[in-house]
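Try each task before reading its solution.

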Amino acid sequence: MPSWKSRLRASAIHLAISLSVATLAALVVFGWWYPYPYRELSGGREMFALVVAVDVVLGPLITLVIFNSAKTRRHLMMDFTVIGLLQVAALAYGLWAVFTTRPVHLVFEYHRMTVVHAVDIEPETLAKAPPGLQQLPLRGPTLLSLRPLQPSEAIESILRATGGIPQAAQPDLWQPYEAAHEQVLKESRPAAQLKERFPSHADAIDRAVLSTGRSLDALRYLPLISRKTAWTVLIDAQSTQPVGWVALDSF
């Protein structure tokens, strides 16, 4: 019994340390890479939860199994060093996977908004992006739009899209979001129409509108697609800036 008590105590201490490290990692992941609503749209929450669950459980569980207070200090230090290295390696690998699949741009793609992820973009094509956009952002998605296609390049762009590279992930088409101001206004619809089209989602729409600090008449909407699902983005009717989000497929 004393042996199990010491094992449980050592495992509990290890668990507390692991949870502290996981909390710091969560601040980076959800504060920088997957701010709301991208943790839901891009699967960041599920991916991070899986990584942390494995890492937080792995170390304390191994400690519970191998800890023995009868071991020398040197032997215990060697054990904890090996366990710590295993945890660090597992966490680093998991965070790298989360990082490389992070959302990097929210793009107005001619008639909808599309979330583009780092993994969607072919690295060699970044050199074709406009100046200032040839490096992927580290802290949350950048707001962009797509320039009008020239007749000579339209077919190639569409073929690339059908081949798995969405137009929103083609850097040579990127331009500042503000350049598409008139097109965004043309393609978007009054937010009031959302409640007419989806009366069963009226409460969710009202909550999203309230969160924007604007009236329903001061908002327009566009459908939004991402890796996991389709949502709706509410935009300011004057500036066309995204200001709210509804977990609703409005296509």
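**Exercise 1: a helix and its length**

Work out what span the 23 residues of H3 should have, and check it against the end C-alpha atoms.

Solution. At 1.5 Å a residue, the 23 residues of H3 should span 33 Å, since the expected span is 1.5 Å times one less than the number of residues. The end C-alpha atoms of H3 are 33 Å apart, which agrees. Helices here are DSSP runs (H or I, at least four residues), numbered from the N terminus.

A note on the source: this is a predicted model, where local features need pLDDT of at least 70, side-chain atom pairs count only at pLDDT 80 or more, and totals for chains, interfaces and linings use all residues. Residues are numbered from 1 along each chain as its sequence is written, and side-chain values use heavy atoms, leaving out hydrogens and water.

**Exercise 2: packing of two helices**

Find how H3 (residues 44-66) and H4 (residues 73-100) are oriented.

Solution. Start with the axes, lines fitted to C-alpha atoms over the stretch in contact, with angles from 0 to 180 degrees between N-to-C directions. The axes of H3 and H4 lie 9 Å apart, at an angle of about 170 degrees. That makes H3 roughly antiparallel to H4 (over 145 degrees). By class, their contact (heavy atoms within 4.5 Å) has 14 nonpolar, 4 polar and 2 charged residues.

**Exercise 3: Glu40**

Is Glu40 buried or exposed?

Solution. Locate Glu40 in helix H2 (residues 38-41). Its relative accessible area is 18%, so Glu40 is buried (under 20%, with a 1.4 Å probe and protein chains only). Leaving aside neighbours within four places in sequence, Glu40 is in contact with Arg45, Lys228 and Trp231.

Key
Angles under 35 degrees count as roughly parallel, over 145 as roughly antiparallel, 65 to 115 as roughly perpendicular and the rest as oblique. Ala, Val, Leu, Ile, Met, Phe, Trp, Tyr, Cys and Pro count as nonpolar, Asp, Glu, Lys and Arg as charged, and the others, Gly among them, as polar. Buried means under 20% relative accessible area, exposed over 50%, partly exposed in between (1.4 Å probe, protein chains only).
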